[in-house]
Each structure stands twice: as C-alpha cells, then as structure tokens.
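Please look at how the parts of this protein chain meet. The explanation below goes through them step by step.

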Amino acid sequence: MGGQIKLGVIGDPIDHSLSPLIQSKFGEALGLEVDYKAFHVIDRELEKFIESFFADGGHGLNVTLPHKLNCVRFADILSNEVELIGAANTLSKNRNNQIIASSTDGMGFIRDCSEKNIELSDKRILILGAGGASQSIIPSIARMNPAKLMVDNRSPDKIEKLLEKFSSFRLRPFERNHEPIDLVINATSAALSGNFNWNIQSQLNEETVFYDLSYGKAAIEYFSWASKFSDNHFDGIGMLIAQAAYSFELWFDKFPDLSKINLDVLNK
Ligand code: NDP
C-alpha cells in the first residue's frame, strides 16, 4: 500500500467525533501513513458519498449516527453480526472492490469489560435502552453466557420488538425480575436531557457494577444516579477505543497494541 491511506468517519453531526484522533494514533503506532478525516454526510447523500469514497481509492470508513442502519443497504457483503443486528459501524473493501459492512461495537464492549475485569458469564445483566447501541451489544453479551440478560426501555413497545428480534439469545424483559442485578448497562442517550433516573431500587446494591456506553461529560448524570447504590462505575471510552481498534484490524489485518498507544487526551 503506497502513499497515504484514505480513511474516514461519516455522520451527521460529526464535529464531536473522536475517531480521527484515535485512528490516526493507531496508524502512527503501526508506521502507516493514514489520512483519516471526519466527513459530514447527510442522509440523502449517503449512497453517493460511500460509492465515490471507495471509487476514489478510499480504504475504509467508520459510520456513526444516524447512518449505522442505512449504510447497510449500500454494502455488497454483510458480516454475520450485521446480518443479525441490521446495523454497521465499519465499511471496508475487498480485492474485488466489493464493500463489506461490519459491526465492531459488540466486540469493543466485550474487550473493554475484560480489560476492566467486569464479569459477564453467569451474571444477571440489565441493558437500559433499545436503540442502535443496545442492539449492537446484545448478541456479544449473550454469547458470554450470562445467567440472565434483560432489557428495559422508556418506550415499552420497543422492548417487545427487541425480544422478538433477539429471541434466540434468551433476552428477557426487566419488568418481571426481582433478583439482584450484577451489571447495569446504560445504552440510552437520556443524559442529553441533562438528567438520568431509572425506576429501579431494590435489585441494586453496593456490588452492582454500572457501565455507561456514553463517555466523558455525557456519563456524569448516569454516574450520579449509580452512586446512590455503588462506587463501581465505568464510562464507554474504553469501548470506543476498542471498537475503533477492531475496525482498524478489519482494514489492516493488525490489531493496535492499545497498551503502547497514549490516548490519555481522550479522558479530559
Ligand atoms: P438511539 O437514538 O438509537 O437510542 C436511544 C435510546 O435512548 C432509546 O432506547 C431511547 O428510548 C433512549 N432514551 C433517549 N432519551 C431518553 C430519556 N430522556 N430517558 C430514557 N431513555 C431515553 O441511540 P444509540 O443507541 O445509538 O446510542 C445510545 C448511547 O450509546 C449514546 O449516548 C451513544 O453515544 C452511546 N454509544 C457509545 C458507543 C461507544 O463506543 N462507547 C458506541 C455506540 C453508542 P426510546 O426508545 O424511549 O426513545
């Protein structure tokens, strides 16, 4: 691969994206000349942008909101995970110039839990939220054989749809649970409203671990609610870095050595 390698992330909005910083560090660490840019792409320009990006020699794209679902329509090949969840966060090209859609969010979440010694096997796990992020982690968590995997959502109709979609993963509704919960994962964007509260009390205790897929300031409200029960809380910055590393691996067949790459700037 000679010269600069063209990569990018597409979304709307996109200014906030940390992907250019993370992926450039990965490229630097592996001695690759990566030109990774954030592209503001609106929905009606999505197909044209993806087509021309790859036709012009683009090597890979990350996809963020609101295009994770729609981008799948413009791929030639879907990974098994994308077939299952119906959304993708990574596009790459194979030797035959076919576009492949993959999803690395679930693997990123599992890897970050492992780094943080958050156990999933045999645990009672509750996911709050039924949107794209929740759906992208459900199969990966289910494969870790939790004792019970439950979901709750502000809008109850979406819970039913999720239970149906992931019926083979033994996903259950939270409402009938009376047992203590080991891990509560916030996969909502509730913090955007400046407040977080969920109607659970008795099943939470000081042993419960709280994980927020959001990170930085966006995790403050969830942490503040969680701290009424326990001090074990983590934000999603580690997942963000790990899912990016899995995307990088799809493009270059090399997984960045995260222990050697300084990404402290992301924690500020
Ligand atoms: P979606 O828009 O697809 O879903 C949003 C979810 O949040 C829905 O379940 C919605 O419930 C719920 N919600 C929104 N506002 C409120 C509220 N005020 N109270 C209760 N529930 C609410 O978003 P995503 O699933 O894509 O993203 C969710 C979060 O995950 C985001 O903060 C995103 O940044 C983060 N994320 C982090 C990643 C990482 O790598 N760390 C990767 C992907 C996402 P309802 O159905 O009732 O509307």
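This is a predicted model: local features need pLDDT of at least 70, side-chain atom pairs count only at pLDDT 80 or more; totals for chains, interfaces and linings use all residues.

Residues are numbered from 1 along each chain as its sequence is written, and side-chain values use heavy atoms, with hydrogens and water left out.

Where they meet, 13 residues of domain 1 are in contact with 19 residues of domain 2 (contact means heavy atoms within 4.5 Å). About 1,300 Å² is buried between the two domains, 65% of it from carbon and sulfur atoms. Buried area is the accessible area (1.4 Å probe) that two parts lose on being put together, summed over both. On the side of domain 1, Ile-85, Met-239 and Tyr-246 lose the most area to domain 2, together 44% of what that side buries.

The domains also share one salt bridge, meaning a side-chain nitrogen of Lys or Arg within 4 Å of a carboxyl oxygen of Asp or Glu. Glu-81 and Arg-143 form a salt bridge, with their closest N and O atoms 2.7 Å apart.

Which elements give two or more residues to the side of domain 1 that touches domain 2? They are helix H3 (80-85) and helix H8 (237-252), where helices are DSSP runs (H or I, at least four residues) numbered from the N terminus. H8 gives the most, with six residues.
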